[in-house]
Amino acid sequence: MKHEEKHTHISLEHGSGGALSKELIEKVIYPFFQGRDFPELSDSSCFSLQGRAFITTDTYVVDPPFFPGGNIGSLAVFGTCNDLAVCGAEPRYLTLAFVIEEGFSIGELKKVLHSIKKAAEDAHVKILSGDTKVVPSGKGGGIYINTAGVGESIISFNLSPSRIREGDTILVSAPLGAHGITVLAARESLKIASSLSSDCASLYPLCRSLCSLGEELRFMRDATRGGAAAILNEIAESRSFGLEVVESNFPIEKKIAAAADILGLNVLEIANEGVLIAVVSENAGSKALELLHSKPLGQKACIVGRATSAYPGMVILETTVGGRRVLDLPRGLLLPRIC
Amino acid sequence: MLIVLKEELHDRNLAKALIGEIQKAAEDIGRELKIMEVCGTHTVSLRRSGIHSFLPDNITMISGPGCPVCVTPAGYVDNALSLLEEEELTLATFGDMLKVPGSGGISLSRYIGSGRVRIIYSPSDLISMAQSGEKPIVFLGIGFETTIPTIASVFLRAFEQGIHNLFLYPAFKTVPPALQALLSSPDRNFDAFLLPGHVSVILGLEPYRLLEKPGGVPGVITGFEPIDLLGGILSILKQLRAGENKVENAYPRAVRREGNPRAREIMNRLLQPSDELWRGLGIIPLSGMRLKAKYMDFDAGIRFGLPEIRNFEPPGCICAQVIQGKALPNQCSLFGKNCTPDKPVGPCMVSSEGSCAANFRYRELPV
Amino acid sequence: MCIAVPMEIVHIYKDGKALVRQDNLETDIDVSLIENPKPGDYVIVHAGFAIEALDLEEAKERLELFKAMSESPGTAIC
């Protein structure tokens, strides 16, 4: 029997549970993960962990699914692994579930699968289980992915904003804004998209490195939706401390700053997929910076501010010219503006 | 080169020196001063750079009517929504208009993802959009003199190319008639205008001469970087101290005395001045721009038989006073309580460059 | 009111369009609203259109005034 693929696009029958479903899973999806990941197709997979473990899940609906520097597949792997890593856990296993819209190209699905495989290798995680559903044309955005992840804790305590004390140091691991602005430019078919690239990457090496600080490490978070502004506000919200940050200390690539200016956006509010925000004790600030600088992804890391008792619950920004104002949560939709 | 310029325009030492001069001038003048930044992008730039935090106590910056979204009547949005409901067409718009609610509280954002509302960054995208199908495309024509020529050039091209499925729904506004209206308002409450930088790129200095007449106020054309803004404010204070009311160009790297005649010619070829309804200000004579008779086939209002645009102000909202500088955002009983950027009531909270939204988002530190 | 950014013209196409750049960020714009655009010119870009050439000499001159003022406060300027 020849293994020719008769179908070039996903049809509803691919999700019916019948022969075409079997073909999609066995001929298209499974070959990417056979051997390294799930050894055989089964209803569930077995694994074991030692000690404290973390579990997380996230669903990826990025529009468009392909953008410069990545696609929904790499995002779905790195995003979930990063959620584990910032809790001080080494990502170990993932599940992978697709919701695919009827009519989606199988060639593009393969591109996504290839990125998933490559990202899983980069992040040293195994994909242990998967699922595929098909929705009728018009009922989905091409392809959505859910991944759940399990990781083993490499520290013996929980990182939390409640551990932050006055004077603690705030660090940002890499230049801000690349992912969100790239996706926006790709979605709106803006010419600038060709000069841009998403920063989508595994943050675990950076997180592991900072975990060597032990209890001096207070809290970590990946600065995804809402960007640095959202994360900083989340950290400070309803706490007895506030955060003071200095605008000119944030690492921002000039190219990204220019793109944000053109579109009327604020880089601090734009999503990232490869940027870590960490809070460490005042004394550990320079050591933490050294640790970040020693990793490829952290070479442009900067100290951006400190925790203060002066403005509990608030984030205060010192602007480039030395003005001071509240750094608010991002509001509304991220759209290109002319005004 | 551009980066060096930008860095210099954010330089702290220059800022410090300018603030020192501003403080001296403000002290000399002594009394309470209100400076109206006409342009919404100025409002945002002032707030974002935290300039409010070091202005002397006797200087208050107030926002004017220069946010196109804020001055677009709710009835315009109502008509745009009815087009989507009643006609088989695509609406094209700048991202700015998406969140603006009509009188029923509904905005165009409910059509995101339906493919019926297309967000464009540049009007030049309209031609290829129209050429890619037969379906009518209606462009929501908002903006001031900076934006109008860009749209006019595209529609003139569409005319030459015989494109017949592209339509314009104009709600354009022009600045000088609005300045005249503000200036002659009986209870006017400001001492000077910070004039819009990019509108002035097109207009030049002449249209502002009305400010130099007796009873006028100083008007200083200003750029958008922190040093530009501080320099503009200082120029205003110096005029006020000397008792002058001159039109001054503090943005000479971008604005020529004669403006951009070519852009004005393109704008005036397609459009002609018309009386225009401003949200909050009412009808201002000759403050809008409508299609000339020759190009009337482009007019979406005529083609789709749209009713006249109605005014509507949400109950309790004082945006009308805010954009005339007669009230500050925090003097509104809704501000920050029933009306926030997430749940806006009035247009000044909807637009990110609206006075209320900018005041809320980039608030000063608690004392 | 009107967001506009400075960019440098890299190349002029035939149809009134140009390739512009700011810090490795490149995009195409329409240059039909300005007189005689040429590569190397700096322009102010709004909504995908160059609306005016940027005069860097004027920019420099104004900054020099401010610098002089910051070195000797009280100098009359503007």
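Modeller: Gladly, and a definition comes first: two strands pair if DSSP finds at least two bridges between them. Strands (E, at least two residues) and helices (H or I, at least four) are DSSP runs, numbered from the N terminus. The model is predicted, so local features need pLDDT of at least 70 and side-chain atom pairs count only at pLDDT 80 or more, while totals for chains, interfaces and linings use all residues. Residues are numbered from 1 along each chain as its sequence is written, and chains are lettered from A and ligands numbered from 1 in the order in which they are written.

Biologist: Thanks! In which order do the five strands of the open sheet in chain B stand?

Modeller: The pairing in this open sheet of chain B is parallel. Its five strands follow the order 2-1-7-8-9.

Biologist: Why is one side of strand 2 and of strand 9 of chain B left without a neighbour in the sheet?

Modeller: Strand 2 and strand 9 (247-249) of chain B are at the edges of the sheet.

Biologist: Which residue is the bridge partner of B:Val220 in strand 9 of chain B?

Modeller: Strand 8 (residues 219-221) and strand 9 of chain B run parallel and are joined by three bridges. The partner of B:Val220 in strand 9 of chain B is B:Glu248.

Biologist: Which element gives the largest share of the side of domain 1 of chain B that touches domain 2 of chain B?

Modeller: The assignment, automatic or from a database, gives domain 1 (15-316) and domain 2 (319-361) of chain B. Counting two residues as in contact if their C-beta atoms, placed from the backbone, lie within 7 Å, domain 1 of chain B brings 30 residues and domain 2 of chain B 21. Strand 1 (33-39), helix 3 and strand 2 (59-66) of chain B each give two or more residues to the domain 1 side. The largest share, five residues, is from helix 3 of chain B.

Biologist: And which helix of chain B gives the most to the side that touches chain C?

Modeller: That contact takes 44 residues from chain B and 34 residues from chain C. Several helices of chain B supply at least two residues each, including helix 1 (2-8), helix 6 (148-160) and helix 9 (226-242). With six residues, the most comes from helix 2.
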